[in-house]
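Here is a model to go through by question and answer. Each answer sets a value against the rule behind the word.

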Amino acid sequence: MRLTPEEQAMLAGEFGPGVKKAIEIVTALGKIYGAEDLVAVTSVQVAGVSYKNLGEAGLEFLSEWAAQGGQVRVPTTLNPAGLDLEQWQELGFDATFAERQQQVIAAFMAMGIAPSCTCTPYLAGNLPGFGEHIAWAESSAISFANSVLGARTNREGGPSALAAAITGRTARYGLHLVENRRANLLVDVTCPVSSASDYGALGILAGQIARNRIPYFRGLELAPVRRGEIGASNQATSVEGVQTVDRLKLLGAAMAASGAVALYHVAGVTPESEQPDILAGERQTVRIDDLSPGYKMLNSDGDDDRIDLVWIGCPHASLDELEQVVDLLAGRRVQTALWVTMSRFLRQRAQALGLVQALEALGGRVVADTCLVVAPVKGLGFLRMATPSGKGAYYAPTHSGLDVRYGSLAACIEAAVSGRWRPD
Ligand code: F3S
């Protein structure tokens, strides 16, 4: 592999042991995947932040790397942690867990990473441009960055993303190369796909078919993505554009959960979809004409219709999604716990807009920094959850021990008000 003099100096330990460890990881991956050289990255998203997943071994690994002088060189954001870093006591989290989680955050901060703690960094200020090389972990964010932004990242793991942040480089292979970004699975959607939960159900079905291939969707009626409609400005140029962003976020997250889809294209919608050779080469064609198998798969068995938790915000919610929750409640108090999870960055904006206060006056909570998959939910006493998120519904039974009811946002809000599940 060709290395620049600076990269060779990193490898020789001239920048200290933390940088040496990082460049060793980056070059080892490059050798495994046949990269010819490294490429500079403009942004990194680090996953593996929750103490629930890291445990003591992960905490020690991070603390040691920080002590060895591992410092990030490029803008770097963090995935969700295991709890809301400010409201954890009110929400009922365990104090020992909170202490360990704070130590994890302290290790990342010692490396120069701000505790953004969100899986939607693109809604919280980390918005890479078209064609930029980045190194992101977190499967839903990877999918969004590649597909909706047209940035280029492989599916990084926690340590490899951190290594990219410390060196400012990643190995040039896989989705960093234009020729590997062409679709190799044509998905013709012939049934109506309209609500957010429809997109989640479609994503779960398509992900199972695609596995790690690159789907190209035809038949989805969405407004084209315009860059001004992504991000935290809350100054969308059209309602349709905001809905496109939220629906693509849900579609990609679900496909990355049931399959390993890191990039997809939607005809006339996503930025690379109209490139002349995007469909060149070998490909299979499949048709999806019914979403009901996706809905069925995401609903746990059993007749008990009681609900004690409703979760919105997987991936972390946008301001528009929070606003829809408040509107659908229409002044009614909730009977269940109702959590809207979002970045702390957007929570602060929502607070300035009065949305947090509006939801909390009706008994709901806007929870920052975490989610119900990476948090130690079993200790909070919830049994049965309703959600309109395909990824959340897919993971919650195994990761959090919850029975799940999956349906539209409107059905979930009605469940929060009545405590009972009535599917659409
Ligand atoms: Fe994000 Fe947690 Fe869902 S990390 S994508 S809210 S499972």
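Burial, cysteines and open space

Q: Why is Cys314 called buried?
A: The model is a predicted one. Cys314 has a relative accessibility of 8%. Buried means under 20%, so Cys314 counts as buried.

Q: What else places Cys314, and which residues lie around the ligand with it?
A: Cys314 is among the residues around the ligand, together with Pro80, Cys119, Glu138, Ser140, Trp311, Gly313, Pro315, Cys371, Val373 and Lys391.

Q: What makes up the shell around the ligand, by class?
A: The shell has seven nonpolar, two polar and two charged residues. Cys and Pro count as nonpolar, Gly as polar, and Glu and Lys as charged.

Q: Where does the ligand sit?
A: The space taken by the ligand is the largest pocket.

Q: How many residues line the largest pocket, and which lie nearest its centre?
A: The lining has 29 residues, and Asn79, Glu138, Ser139, Val374 and Lys391 lie nearest the centre. The pocket holds about 490 Å³ of space. By class its lining has 14 nonpolar, 11 polar and four charged residues. Helices α6 and α14 each supply at least two of the lining residues.

Q: Which residues of helix α14 are buried?
A: In α14, residues 390–400, the buried ones are Gly390, Lys391, Gly392, Ala393, Ala396 and Ser400. Lys391 is also one of the residues around the ligand. Just after α14, Gly401 takes a positive phi of about 65°.

Q: How do you know that Cys117 is in no disulfide?
A: The nearest cysteine sulfur to that of Cys117 belongs to Cys119 and is 11 Å away. A disulfide needs two cysteine sulfur atoms within 2.5 Å, so Cys117 is in no disulfide. The structure as a whole holds zero disulfides.

Q: Is Cys117 buried or exposed?
A: Cys117 has a relative accessible area of 0%. Buried means under 20%, so Cys117 is buried.

Q: Why is Leu309 called buried?
A: Leu309 has 0% relative accessibility. The cut-off for buried is under 20%, so Leu309 counts as buried. Leu309 lies in strand β10, residues 309–312.

Q: How many residues separate Leu309 and Thr387 in sequence, and what is the C-alpha to C-alpha value in space?
A: Leu309 and Thr387 are 78 residues apart in sequence and 8.7 Å apart in space, C-alpha to C-alpha.

Q: What makes Glu323 partly exposed?
A: Glu323 has a relative accessible area of 37%. Buried means under 20% and exposed over 50%, with partly exposed in between, so Glu323 is partly exposed. Glu323 is found in helix α11, residues 319–329. The C-alpha atoms of Glu323 and Leu359, 36 residues apart along the chain, are separated by 9.1 Å.

Q: What is the volume of the second largest pocket, and how many residues line it?
A: The second largest pocket has a volume of about 350 Å³. It is lined by 17 residues, of which Asn154, Arg155, Gly174, Leu175 and Ala262 lie nearest its centre. The lining has eight nonpolar, six polar and three charged residues.

Q: How many cavities are found, and what makes a space a cavity?
A: A search of the whole structure finds two cavities of 30 Å³ or more. A space is called a cavity because a 1.4 Å probe fits there but cannot get out.

Q: Which residues line the largest cavity?
A: Its lining consists of Val26, Leu29, Glu156, Ser160, Ala164, Arg169, Thr170, Ala171 and Tyr173. Elements giving two or more residues are α2, α7 and β5, and β5 gives the most, with three. The lining divides into five nonpolar, two polar and two charged residues.

Technical notes
Residues are numbered from 1 along each chain as its sequence is written. This is a predicted model: local features need pLDDT of at least 70, side-chain atom pairs count only at pLDDT 80 or more; totals for chains, interfaces and linings use all residues. Side-chain values use heavy atoms; hydrogens and water are left out. On a 1 Å grid over the protein atoms alone, a cavity is a set of points where a 1.4 Å probe fits but cannot get out, and a pocket is an open set with protein on both sides within 12 Å along at least five of seven lines; lining residues have an atom within 4 Å of a point. Grid points are joined across faces, edges and corners, and a volume is the space filled by probe spheres set on the points. Helices (H or I, at least four residues) and strands (E, at least two) are DSSP runs, numbered from the N terminus. Buried means under 20% relative accessible area, exposed over 50%, partly exposed in between (1.4 Å probe, protein chains only). A residue is near a molecule or strand if one of its heavy atoms lies within 4 Å of it. A molecule sits in a cavity or pocket if more than half of its atoms lie within 2 Å of its grid points.
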